[in-house]
Amino acid sequence: MTAGYPSPVTGLGGRGRSLASRAIDRESVLRRLDWVLTIAVFALLAIGTMLVWSATKQKELDLGHDPQGFLRKHLINISLGLVLGAMTALFDYRSLRAYAPFVYIASVLGLIAVLAPGVGSTINGAHSWIQLPAGFSIQPSEFAKVALCVALPMLLAERRDAETAPRLKDVATALGVALVPITLIMLQPDLGTTIVIGVIILGVLAVASTPTRWIVGLLLLGSAGAAMAIKLGVLKDYQVNRFAAFANPDLDPQGAGYNVKQATIAIGSGRLSGTGLFKGSQTNGKFVPEQQTDFVFTVAGEELGFIGAGLIIVLLGIVLWRAMRIAVRAEDLFGTLMATGIVCWFTFQAFENIGMTLGIMPVTGVPLPLVSYGGSSMFATMMALGLLQNVHMRRAA
Amino acid sequence: MTERSRLRLVVLQVLVLSLLLTLLGRLWFLQILTGDQYQSEATKNGVRNVVTTAVRGQILDDEGRSFVRNRTTLVVTLDRNVLERMKTAKEMGVLGALAKRLSTKKSKVTGPELLDRIQLCGEKNAKKPPICWSGSPFQPIPVAKDVAPAVALGIMERQEDFPGVAADFEAVREYPYPSKANAAHLLGYIGPASADEVSASQSTDHPLYASDQVGKAGLEAQYDDYLRGLPGVKKVAIDYGGRVTGTVSETPATPGDNLVTNIDANVQRVLEQQLLDAIARARSQYDKNTHKNYVADFASGVVLDVSTGRVVAMASVPTYDPSVWIGGATAKEYAALTSAASGQPLSFRAMSGTYPPGSTFKVVSSSAMLDHGYSAAGPYDCPSSFKVGPQTFTNYEGESGGRISLKKAIEISCDTVFYQQAFAQWIADGGLKPSKAKDLFINEALAWGVDKKTGIDLPSEARGSILTRKDRYDTWVANRAEYCYRASHGYPEVAATDPGRATTLQAYARDNCAPSGGAYQAGDAVNFIIGQGETLLSPLKMAQIYAAIANGGTLWQPQVAKAVIGPDGKLVKRFTPKAEGKLPISASTLAFLQDTLPGVTTDGTGRTPFKDFPTSLVPIASKTGTAEVLGKQTTGWFASYGPANAPKGAPKYAIVMMVTQGGTGALTSGASVNQIYRALLGVAGKSAPNPKLSILPGGVLPVGLPVVTYDGRILPPGSKAPKPPVSTIAPSGSSNPATPSSSGDGSTPAVAEPVYRPAFGGSARRSRAGPL
């Protein structure tokens, strides 16, 4: 622990008192948590758990596997995620500045490891996973999001008192720092995560008062880069096809447009109240691929109807509202920017993920935060939420 | 925090909120506004029909004997969806292994043959039907029927070696040949519904499924809606891979209704045998015109009940064994059924073939005369020949009869009597420059409906034809250029072998090239009056006409179907006799015909074959006909009805028989017709009819209908239907006690549509023993 910062434990309550009295202490962690945020998060976790179960039950049964296999792993993921989140919340985020380089370097190493032959594994065309024993796997790009949400604010929040905007050197450094993981992720290739990170960079730079012309310039540069990528064939065929199918879903309803078509059918057929959990014919018929991860929202649409699917959007809205509130009320710019990065991350992923199932966004593989099955995404999301709680708890009362 | 940061946070908040509202709005649109549409799409998505073919109804004769029934067989099917997904080498491996198993000592099967069977008709490299598959591509394709249980079991037990292969029970048609009657043409056959038939049926009460078998010809086609029944449809929820995840709804199959026909198997059998006898008789005769025995290539016969039009028997030779259709005819079999070399046995010539009627047509000609002022008494000159311009028309055997009455002219079939009247009328109509032509004989034939169909309840009936003035002109206009070319260039290719004929042909061409060539020629009129030239009608039409003479002038629709009885024994429909028209003749003319025709049998051309028949007790009205056909031997007819003296309500039949290239009707068909009357009426030797000797019970056609019992047995008309025993119905769960396999509405084959088969696919483990 670095000197100069109060120990998070002593700062929050002192030793030697009973657990109960510590819990009700005005200064206790529990009291200072953002409870609205916490409740919304737990509600989303609960709904997500049911959806993951429903999406996988029939499939696993048909394969002769344990129908509760995914449910169990999802619950383990949530538990581990809660522990990680709690740990992230308890360290004073201001001390993270000291750890930030290590978090960043660790995630970059992870991304490099994925690309190393024999270590990474390919799922759905993206070389994004490191297989672990017991059926678990790690997706380092998820942790890269957390790392950037810490690293970018750290670089951009350090300025002299008189300055109202980051200096060019800071912005350049920040971009340089972001470029390394972006490049590595694009090599996988994982288009979805690349865009998420791009959005995080934009959001953090904007709220860090970066001059508008720089941001516009950056946007133009990004667009040019994307155009170049398509021209030079950096994007895989299937990625281009997904965009083509998005522009014209009837182009190839059996191929690239198939997922989108089946997803919209599943959601549309749910109508107001849905078929009821475990009763969706689209879900049980496995017409929607990747349904427990990227297309988990279709289960909600079909089985819980507008009421359930709408509730998920509302709950995500509450999470984002609380996160933005934390950003506004943060004690320092570092906290504000960190919360801003997380808001951008969650917002974009939620909009992209739900939007693609509703046919208003092209298909890219990003999970729905707190709802989709997937360990790394769950851990990264919980760590981000831990950071938010951390910022929230340490603002001046 | 700077002001700019704060402002940008506000922008961010607005952005987040608007994105979330976008999602909610889109969700509202999809689920609430257009949800119904997606719900129906989801329903279609996940539900497939597993069609259980209904057991087809039986086709029965008037006594309840089965012409066609069903039996259960083991069928091996191939699922082309599974096979297509394999690599070619593996697919051929599976097919090769299967072919090895299916091969027997008698018939060898090869892998490529099996591959041909699963090609879709119209696909590249596909063979012609019925080798290629004309059904739904999603339906398992039957490639072998009547598979030995051991073979089927061997295949099912080693599913891993035979992916895409299944063995199933299936009901197939069975032909018990009651009384050894064949009746193949009448029965017709069934085959897989074609894509066109399926789509055409969608707007009807009985939409077809791609897996359905439908009637393609004969009674099977005509009464398909009754016979087919309603398939059972089990709606199953399936996943994207076509695997069944549950049952949505289930309606059991309704077996098809049974069709009771007017055909009597015994009479049918006699007719079929007599046709063969007539052919044998003709082939033993020497034809002095062609200097060889008669070829007697085709023969047809019809037996009608004159007072109702019921078809008691109808047959053509050559025929074929209907069991060839069981499991689909092979290419070789189908070729044999349709090739010219084998005489196209598939064709039902009794109603689909038309032939020149010859002198049997004189009933029409003489009616025209009598109803237009000609005297019955005459007398009429019957010279041995009659000259029209350069052409000489003779009596058939060159005989002359002196001055005779019209009755006598018909009895001895004196052609020259009729030639003279035809020529006289032709002159009266203006000859080659016609004005106000009355066309006495043409109009009489049109009024009799010679060129119309009989209206029989069978598909593909041919209509007759006669040559009118207009036809003559139209043909001439179409062919004049050719005639004129031939008039100047002659027929060198004919002259090389037959100079005489070439000269005749050239003269004919010259006549036709002339500006008056399109006019109705004297030769046309002369040929027409004795049923020669271009007049053609079917044996069935001939029978309908002679039956009308017998019954007082009503042209009844020839009816093969008598009634439809449900599988439960309930009467579904009874067909009533239907009049198609009336003979356009006066009562006196009708009386003249009824008086004259029995004389043909006793004193005229029909006498020889009926010498041994008690015609004084059982008078038979008849008319012989011997038509000349260009380049062929003569076609002989024997048209008749009898007993001519039968009181109202007593049995009376019209029997027509004809043999192409068979010589005179009297010598070839007459004796056979004699035998059929004997069998029907119970006439032995020269004695009076004895109903006990008749092949019909009591010597009459049954009035009542066969009885279909609750358990599917069929009893003869007049039987008392047994009541179902109460005890077996109650709790046993099986509502099908002791169903005989022949009639069973018991086990039915399940055919999945389109993809799923319980036997194979991913679920092999679970339903391994399923279909067996």
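**The sheet of chain B**

Mentor: Let us begin with an open sheet of chain B, in which 5 strands follow the order β14-β13-β25-β24-β23 with antiparallel pairing. Its edge strands are β14 (311–317) and β23 (621–627) of chain B, each of which pairs on one side only. Neighbouring strands of this sheet are turned against each other by 5° on average, direction ignored. This is a predicted model, in which local features need pLDDT of at least 70 and side-chain atom pairs count only at pLDDT 80 or more, while totals for chains, interfaces and linings use all residues. Residues are numbered from 1 along each chain as its sequence is written, and chains are lettered from A and ligands numbered from 1 in the order in which they are written.

Trainee: What counts as a strand, and what counts as a pair?

Mentor: Helices (H or I, at least four residues) and strands (E, at least two) are DSSP runs, numbered from the N terminus. Two strands pair if DSSP finds at least two bridges between them. Here β23(B) and β24(B) pair in the antiparallel sense over 7 bridges, and A621(B) has Y641(B) in β24(B) as its bridge partner.

Trainee: Which strands of the sheet does α24(B) touch?

Mentor: Two residues are in contact if their C-beta atoms, placed from the backbone, lie within 7 Å. α24(B) packs on the sheet and touches β13 (299–305), β23, β24 and β25 of chain B, and its direction makes about 30° with that of β24(B). Axes are lines fitted to C-alpha atoms, for helices over the stretch in contact, and angles run from 0 to 180 degrees between N-to-C directions.

Trainee: Is L696(B) buried or exposed?

Mentor: A residue is buried if 20 or more other C-beta atoms lie within 10 Å of its own, exposed if 12 or fewer, and partly exposed in between, with C-beta atoms placed from the backbone. L696(B) counts as buried because it has 20 C-beta neighbours inside 10 Å. It is placed in the loop between α24 (665–681) and β26 (707–708) of chain B. Leaving aside neighbours within four places in sequence, L696(B) is in contact with D264(B), N266(B), L680(B) and L701(B). L696(B) and L680(B) are 16 residues apart in sequence, yet 6.5 Å apart in space, C-alpha to C-alpha.

Trainee: How many residues of β5(B) are buried?

Mentor: Of the 10 residues of β5(B), 8 are buried, so this strand is largely enclosed by the rest of the structure. Strand β3 (residues 66–78) of chain B is joined to β5(B) by 10 bridges, and the two run antiparallel. L78(B) stands opposite V165(B) in β5(B).

Trainee: What should I look for in the backbone?

Mentor: Most residues other than glycine have a negative phi, and most peptide bonds are trans. R271(A), not a glycine, has a positive phi of about 50°; this residue is in the loop between α12 and α13 of chain A and is buried, with 22 other C-beta atoms within 10 Å. K180(B) also has a positive phi, near 65°, but K180(B) is exposed, with 11 other C-beta atoms within 10 Å. As for cis peptide bonds, one runs from G378(B) to P379(B), with omega near 0°. Another joins G642(B) and P643(B), with omega about -5°.

Trainee: How is a pair of packed helices described?

Mentor: Two packed helices are described by the angle between their axes and the distance between the axes. The axes of α15(A) and helix α16 (residues 375–393) of chain A come within 10 Å and cross at roughly 145°. The residues of this contact divide into 8 nonpolar, 1 polar and no charged. Ala, Val, Leu, Ile, Met, Phe, Trp, Tyr, Cys and Pro count as nonpolar, Asp, Glu, Lys and Arg as charged, and the others, Gly among them, as polar.

Trainee: How many residues of chain A are in contact with chain B?

Mentor: 43 residues of chain A are in contact with 33 residues of chain B. On the side of chain A that touches chain B, α14(A) gives the most, with 11 residues.

Trainee: Where is the mean pLDDT lowest among the elements of chain A?

Mentor: pLDDT is the predictor's confidence in each residue, from 0 to 100. Helix α1 (residues 8–11) of chain A has the lowest mean pLDDT among the elements of that chain (43), and α14(A) the highest (95). Where pLDDT is low, the predicted coordinates should not be read in detail.
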